[in-house]
Amino acid sequence: MDIGKFLQYIASGTAYTLGVVCVALPAGLIFGVIFAIIFVYGGKLLGRFMQFYSTVMRGIPPIVLLFILYFIMSGNINLSPFWAGSISLGIISSAYQMEIVRGAIQSVSGGQMMAARAIGMSKMQAIRYIILPQTLRLAIPPWSNEAAIVIKDSSLVYALGVPEILRRAQLISASTQQPFLAYITAAVIYFLLVFITNRLLDRLENRLRIPSNP
Amino acid sequence: MTNTILTVKNLTKKYGRNIVFENISLNVNEGDTIVIIGPSGTGKSTLLRCINLLTKPDAGQIWLDEQEITAKDTDEDQVRQHIGMVFQNFLLFNHLTALENVKLGLLRVKKLDKDAAEAKAMQELERVGLSDRANHYPGQLSGGQQQRVAIARALAMDPRVMLFDEPTSALDPELIGEVLEVMRNLALSGMTMLVVTHEMGFAREVADRIVFMEKGSIVEEGSPDELFYRPKFERTREFLWKITELYGKKEKEA
């Protein structure tokens, strides 16, 4: 097998990797934000439930959760490994993203919420127009870190047989007896994905920065 | 006969066993400026927060324009539209420009259309002398300017009464004057105001009535002249002159 084809075989798994990330990360964000809002503003009982959810999710290795969620999902609804894996990673990430957003909300809230209520805004309006716009800006740096983790954790779906980067590296390493080259190629691709994503988020952070005098 | 805008009757607030204030009663007539003074920790700020329902009182009643706002079926968001509040630490919305800060309530609460909201917001910024700072973010404004924007934001809702919670306490001495100037003009224009402050110069000049609070109750209230020169209690005289001396120095420096 020539080297070009070798590399191309692994690299073509990038589409699957990106696919998993593009499902898991936004799903985790949407649920993370909703859960964080429920945690902070939803009252004692719901808050405790979210706390429990987050503690459990973050206390179990992602690969174990992935298997559990996968077997729940594939057993009950006939989901493909790709979708089951992506959604599972999204659920796992939602717990981490909830913690990120919760911290940001708690550092913004208080005074800003009071000022919004003082001009007659409802709680929901205050969250929508005052709290979230500031929270999400604050959350970008830690969120960038979570994005890196999700990109790397997307490799876990290889265990479900999704032909993403790691899975392909494993297959071609077995068939060509070139494990070193195969895994180095995978490592380089993952690194580039993480690196580019973090740089893009740095840019976003700078662009959205609220102007102020030093 | 002047109109009573705000009536507070036997208002009590506790946190657990700790009584913040107890049995506070207060009458505010239309156009009055009432200054509340007293040592820190006597519940002045909490009283203001109770009046616009940001904090729930434990007992007592409040009427705004003869409507009881402490009643169970009150729409609190509706009530707060009619009570403007200015905070010690400004609390401008940090991600919005001065103009957007003033405009937001008009758009989202009063549901004005874009052009009307913009025009009204600009007018309010002019009123506090900051139309040239309309597109600045709070982080680009001085403390005094931020507080004036906060006043404009509250005024934009056309409140029946304005509450000021130590509006100049967080400001450098040289910035206090511009905020007091705006408040003075506001009082002269007939706005009903309830002001918690240590600025005795402002109180003597502008207040119709000074209320002296200590340890959770009203010790004495009356016109500035009465309280400064003919107080019923020695404690009132002592506090007033001590504060005047302390803050008077700052005023002169400024």
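Predicted model: local features only at pLDDT ≥ 70, side-chain atom pairs only at ≥ 80, totals over all residues.
**Interface**

Chain B gives 24 residues to the contact and chain A gives 21 residues. About 2100 Å² is buried between the two chains, with 64% of it on carbon and sulfur atoms. On the side of chain B, the greatest losses of area to chain A fall on B:Phe93, B:His95 and B:Arg108, which together make up 28% of what that side buries.

Six residue pairs are in polar contact between chain B and chain A, counting pairs with both residues at pLDDT 80 or more. By class, the side of chain B that touches chain A holds 11 nonpolar, seven polar and six charged residues. One salt bridge is found across the interface. It joins A:Arg117 to B:Asp77, with the closest N and O atoms 3.1 Å apart.

The elements of chain B that each give two or more residues to the side touching chain A are listed here.

| Element (chain B) | Residues |
|---|---|
| Helix H2 | 76-81 |
| Strand S6 | 83-86 |
| Helix H3 | 98-108 |

**Sheet of chain B**

In chain B, four strands make an open, antiparallel sheet in the order S2-S1-S4-S5. Strand S2 (18-29) and strand S5 (67-68) of chain B each have a single partner strand, so one side of each has no neighbour in the sheet. Within the sheet, strand S1 (residues 4-15) of chain B pairs with strand S4 (residues 59-64) of chain B over five bridges, in the antiparallel sense. B:Lys9 has B:Gln61 in S4(B) as its bridge partner.

Helix H1 (residues 44-51) of chain B lies across S1, S2 and S4 of chain B and runs at about 120 degrees to S1(B).

Technical notes:
Residues numbered from 1 in each chain as written. Chains lettered and ligands numbered in written order. Heavy atoms only, no water. Contact = heavy atoms within 4.5 Å. Buried area = accessible area lost by both parts, 1.4 Å probe. Salt bridge = Lys/Arg side-chain N within 4 Å of Asp/Glu carboxyl O. Polar contact = N/O pair within 3.5 Å; in protein donor to acceptor, adjacent residues only side chain to side chain. Nonpolar A, V, L, I, M, F, W, Y, C, P; charged D, E, K, R; others polar. Pairing = 2+ DSSP bridges. Axes fitted to C-alpha atoms, helices over the stretch in contact; angles between N-to-C directions.
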